[in-house]
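Try each task before you read its solution.

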Amino acid sequence: MPSHPTVLLTGASGVVGSALLPRLSDCHIIALTHRTAVADADEQLAGDLTAPRLGLDADAYRRLATRVDVIVHCAAVTGFSSGPEATHALNEAGTRQIVQLAADADAVLHHLSTAFVDRTDLTRAQLGQDHGDATARPEDYLDSKRAGEDVVRSSGVPAVIIRPSVVIGDAVTGAISAFQGMHGIIHGLLRGLLPLVPVPADSPIDFIPQDVVAATISNLIRQGQRDGDIWVTAGTSALSTQRTLEVIGDTADELGLAAARPRMVGPEMVDRLIRPVFIANLHPRARRRFDDMLAMTALFAHSHVFPTSLGQLPGIPTAPSARELEDALRASVAYMARAKGMVRRVAEPVLAGEQVPA
């Protein structure tokens, strides 16, 4: 690996990509862009992950392949409501194009997957439960990420598969380039739209700050890692559902938000009683919002602890402690509340035990 490698980065404007860019200042970064420009990259190259040769003409593709030492593939459809065709088109077929470039360039591939490929049995479809009016279909996303991993493994190119759990904002500031995943649940809790959370109190909620994911990837590149599955998760430090809700509720209180504390109920009670009796007669929009929440929270109900690679390899970060995760969650909640205009004036992120001035 050269001391100043040329890195092709996909998804540079996304959550992980934007957090990773500042940590690769000693590299020459070529950002493969589609719709969104990336100001901090050394070069920008317009392309299309779903097209042959990434949408480049033959000469441009050949020149790119002669220059690239490392590919970091972060681009993906991460939403649960895009449908199977669009999701597989980018997450699986797009990965095939990146793998081909890695082979042509003789480059090391760092492929961003998700720890939730481990959740093969917890989607509502797999459990035989009714989707209701949900537009969120986690199984489409998980199937596409498993397929993407299979593409990488079967390619024979030197590749590191990176599996983060739920990615939240920066551990200190809470800042994040786009609200996704867990932020939707946090927003619903802050607005009092989720009176029930259908997850057992002791189920682990594994989330990890974006800066930990970015530090892991950048250090793997510098260490010259060429293979392996890297789990970027909280592992045994993951907060329980009860503690996660307590931290969100306490932060809401410190911010002066009147957010009602939700009640935790078992998923079985939801399907047997709550949904048919109370939810069926709601306005379609409210009913869809509830069913989308059910679809997403099924991934956490009765779940086991993820493995973690943090602290297990030279140079990569150690897993955050439970206290550090609580502080990071507070920072993300406060950042979202400010960004959504829910708090008029908060000078600093809310940290453990800190009071917000009136």
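The model is predicted, so local features need pLDDT of at least 70 and side-chain atom pairs count only at pLDDT 80 or more, while totals for chains, interfaces and linings use all residues. Residues are numbered from 1 along each chain as its sequence is written, and side-chain values use heavy atoms, with hydrogens and water left out.

**Exercise 1. Serine 13**

Task: Find where serine 13 lies, and decide whether serine 13 is buried, partly exposed or exposed.

Solution: 
- Start with the elements. Helices (H or I, at least four residues) and strands (E, at least two) are DSSP runs, numbered from the N terminus.
- Serine 13 sits in the loop between strand 1 (6-10) and helix 1 (15-20).
- Next, the cut-offs. Buried means under 20% relative accessible area, exposed over 50%, and partly exposed in between (1.4 Å probe, protein chains only).
- Serine 13 has a relative accessible area of 37%, so serine 13 is partly exposed.
- Now the neighbours. Contact means heavy atoms within 4.5 Å.
- Leaving out residues up to four places away in sequence, serine 13 touches Ser18, Thr36, Val38 and Ser177.

**Exercise 2. Glutamate 149**

Task: Which residues does glutamate 149 touch, not counting residues up to four places away in sequence?

Solution: 
- Locate the residue. Glutamate 149 belongs to helix 4 (residues 138-155).
- Check the accessibility. The value is 3%, so glutamate 149 counts as buried.
- List the contacts. They are His111, Ser113, Thr114, Val117, Ile161 and Arg163.

**Exercise 3. Helix 5 against helix 7**

Task: Describe how helix 5 and helix 7 pack.

Solution: 
- Two packed helices are described by the angle between their axes and the distance between the axes.
- Axes are lines fitted to C-alpha atoms, for helices over the stretch in contact, and angles run from 0 to 180 degrees between N-to-C directions.
- Helix 5 (residues 182-190) and helix 7 (residues 241-254) pack at about 55°, with axes 11 Å apart.
- Angles under 35 degrees count as roughly parallel, over 145 as roughly antiparallel, 65 to 115 as roughly perpendicular and the rest as oblique. Helix 5 and helix 7 are therefore oblique to each other.
- Helix 5 contributes Met182, Ile186, Leu189 and Leu190 to the contact, and helix 7 contributes Thr244, Leu245, Ile248 and Ala252.
- Sort by class. Ala, Val, Leu, Ile, Met, Phe, Trp, Tyr, Cys and Pro count as nonpolar, Asp, Glu, Lys and Arg as charged, and the others, Gly among them, as polar.
- The contact of helix 5 with helix 7 has seven nonpolar, one polar and no charged residues.

**Exercise 4. Helix 5 against helix 10**

Task: Name the orientation of helix 5 and helix 10.

Solution: 
- The axes of helix 5 and helix 10 come within 10 Å and cross at roughly 70°.
- Helix 5 and helix 10 are therefore roughly perpendicular to each other.
- In helix 5, Met182, His183, Ile186, His187 and Leu190 meet Leu329, Ser332, Val333, Met336 and Ala337 of helix 10.
- The residues of this contact divide into seven nonpolar, three polar and no charged.

**Exercise 5. Aromatic rings**

Task: How many aromatic pairs does the structure hold? Classify two of them.

Solution: 
- Rings of Phe, Tyr and Trp (its six-membered ring) pair if their centres lie within 6.5 Å; planes under 30 degrees apart count as stacked, over 60 as edge-to-face and the rest as tilted.
- The structure holds three aromatic pairs.
- The ring centres of phenylalanine 116 and phenylalanine 306 are 5.2 Å apart and the planes are at 85°, so the pair is edge-to-face.
- These two residues are 190 residues apart.
- Phenylalanine 306 is buried, with a relative accessible area of 4%.
- The ring centres of tryptophan 231 and phenylalanine 306 are 6.3 Å apart and the planes are at 35°, so the pair is tilted.
- Ring pairs link Phe116, Trp231 and Phe306 into a cluster.
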